Amino acid sequence: MSKSVSVTIQSEKLPDGVVLAPSGEIDLSRSPSMRAQVAEVMKTAPKRLVIDLSGVPYMDSSGVATLVEALQSTRKCGAKLLLCALTPRVRSILEISRLDTVFTIVADRAAASSD
Amino acid sequence: MSHSPDLSIQMLSRTSLLAPVRCMLVSFAERIGFDETASGHIALAVDEALANVIRHGYSGRDDCRVWLHFWELHEPAGLRIVVEDYARQVDPELIRGRDLSDIRPGGLGVHLIRSTMDSVRFEKRREGGMRLTLEKLLGAAPVQSAA
């Protein structure tokens, strides 16, 4: 089987949740690592999960699927998911997939923390 | 195909090779004259195609072969890409993007390929496996988000 490559994700605590900031391209080799790390954070039952995508220059459909899973997990437990600081290519794939209207997308971490 | 490809690659079905293929593809597309956005869309389409071959066609095995062939097109100008494999054959009629109003993880790859390229053709290869032919023309209408 193809090996999964680890994704570096920095995290920052918020009063009511957590910010996750993955870095690097998220494709089929790296999305399993991101999925696992998001799932770990969801175990802590945050009220607000912010995913800062400023360090992600590229994302494929497996990365998008990871975001959709995160959205479903947060909705299930009454939490809020916000995406912030999207790079142009990541924004483009969300637009083509018509998911830009499904996710709450804000400009930056400050906006995500106060929204 | 009437003439030899300008560029061909044989790769193993390893997800770790997707990134270098994308880099090469962006470089090739930009040399032909595609702008940064269009080159990125071409790389995305091929990335999704390869991911489908690896994940579904070869069931995640990393020791199988995939071939990519690239042609610069003239009159009209553009790029043709052919992806070939020996993976499990699928009826091309059944390869469709899913309904986007159904918000769930997965199943977006074919939609992304069809949305970003001007021509997409799946076919079974006589010798086994599948062939995907993609074309993108220079100056074609920009990709629209799904309506």
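Modeller: Let's begin at a turn: in the hairpin of β4(B) and β5(B), B:Gly128 takes a positive phi near 110°. Five residues lie between the two strands there. Strands here are DSSP runs of E with at least two residues, helices are runs of H or I with at least four, and both are numbered from the N terminus.

Colleague: Before we go on, what kind of model is this, and what are the ground rules?

Modeller: It's a predicted model, where local features need pLDDT of at least 70 and side-chain atom pairs count only at pLDDT 80 or more, while totals for chains, interfaces and linings use all residues. Residues are numbered from 1 along each chain as its sequence is written, chains are lettered from A and ligands numbered from 1 in the order in which they are written, and side-chain values use heavy atoms, with hydrogens and water left out.

Colleague: Where is B:Pro76?

Modeller: In the loop between β2 (65-73) and β3 (78-85) of chain B. The bond joining B:Glu75 and B:Pro76 is a cis peptide, with omega about 0°.

Colleague: Switching to chain A: what order do the strands of its sheet come in?

Modeller: β1-β2-β3-β4-β5, five strands in an open sheet with mixed pairing. β1 (8-14) and β5 (104-106) of chain A are at the edges with a single partner strand each, so one side of each has no neighbour in the sheet. On average, neighbouring strands are turned by 25° against each other, direction ignored.

Colleague: How do β4(A) and β5(A) run?

Modeller: Parallel, with three bridges joining β4(A) (residues 80-84) to β5(A). A:Cys84 has A:Val106 in β5(A) as its bridge partner.

Colleague: Which strands does helix α1 of chain A touch?

Modeller: Helix α1(A) (residues 31-42) packs on the sheet against β1, β2 (17-23) and β3 (48-52) of chain A, and its direction makes about 170° with that of β2(A). Contact means heavy atoms within 4.5 Å. Axes are lines fitted to C-alpha atoms, for helices over the stretch in contact, and angles run from 0 to 180 degrees between N-to-C directions. In the loop between α1 and β3 of chain A you'll find A:Ala45, which has a positive phi of about 55° although it is not a glycine.

Colleague: Now the interface. How much do chain B and chain A bury between them?

Modeller: About 2,400 Å², 58% of it on carbon and sulfur atoms. That's the accessible area (1.4 Å probe) the two parts lose on being put together, summed over both. B:Thr15, B:Ile103 and B:Pro105 lose the most area in chain B, together 22% of what that side buries. The contact takes 38 residues from chain B and 26 residues from chain A.

Colleague: How many salt bridges cross it?

Modeller: The rule finds two, a salt bridge being a side-chain nitrogen of Lys or Arg within 4 Å of a carboxyl oxygen of Asp or Glu. B:Arg22 and A:Glu25 form a salt bridge at 2.6 Å, N to O.

Notes. Two strands pair if DSSP finds at least two bridges between them.
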